Amino acid sequence: MSKRVRDPQAHRAAILLAARAAFAELGYAKASIREIAKRAGVTHGLVMRHFTSKEKLFVAAMPGSSNLNELMPDTADAVPERIARAYVDRMENSMGDDPFIALIRSAATDEQAATELYRAMRQRSIEAYRTILTGPELDERVDLLGAHLIGVTFTRYVVKDGPLSEIAPDRLVEHLTRTLRAILFG
């Protein structure tokens, strides 16, 4: 009889990895906690103990929102380039399993779930941006930034068609830096 190994950090990492893949492959609505647990090699109960809900698991699995605070530079002026570079690097290396893509796919099958997920993502983003940015209408500017990145995600990484899908990643970073600067600073 083999002894059960208790390693909460390893279990959490395995759950997050399985969740990213399941959400991206199946969409939010079709990815079940049981499917994610199976992929992670853990029980349904352990997934719920770590994350308490499917929505919280999805948000935790999103690399963009969970590490946004770590991306914030020392000065507000550096935010557009830092966010553009991190977004492009993450998306270019995601192999299609990024939860941002899952959010877009989920919108087609479960509008209510997509709305709830977007609200949670937006709230985490606003909190992170408030640590470095100030000024009027910050929530609106951050919301516009998110909408812009969702549009780029849809065009380049979901539909994969048109000039935006064909440019080099460094060129995309240049374009995004300019547009994010305009969104955030006017």
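Author: Contact here means heavy atoms within 4.5 Å. This is a predicted model, where local features need pLDDT of at least 70, side-chain atom pairs count only at pLDDT 80 or more, and totals for chains, interfaces and linings use all residues. Residues are numbered from 1 along each chain as its sequence is written, and side-chain values use heavy atoms, with hydrogens and water left out.

Reader: OK, which residues is Ile83 in contact with, leaving aside neighbours within four places in sequence?

Author: Leu68, Leu71, Met72, Tyr129, Leu149 and Leu180.

Reader: Why is Thr177 called buried?

Author: Buried means under 20% relative accessible area (exposed is over 50%, partly exposed in between; 1.4 Å probe, protein chains only). Thr177 comes in at 14%, so it counts as buried. Thr177 sits in helix H12, residues 169-185, and touches Pro80, Glu81 and Ala84 once residues up to four places away in sequence are set aside.

Reader: And what makes H1 and H2 oblique to each other?

Author: Under 35 degrees is roughly parallel, over 145 roughly antiparallel, 65 to 115 roughly perpendicular, and the rest oblique. The axes of H1 (residues 8-30) and H2 (residues 33-40) cross at roughly 125 degrees, coming within 8 Å; the pair is therefore oblique. Those axes are lines fitted to C-alpha atoms over the stretch in contact, with angles from 0 to 180 degrees between N-to-C directions. The helices themselves are DSSP runs (H or I, at least four residues), numbered from the N terminus.

Reader: Which residues of H2 make the contact?

Author: Glu35, Ile36, Arg39 and Ala40, meeting H1 residues that include Phe23 and Glu25.

Key:
Helix = DSSP H or I, 4+ residues; strand = E, 2+ residues; numbered from the N terminus.
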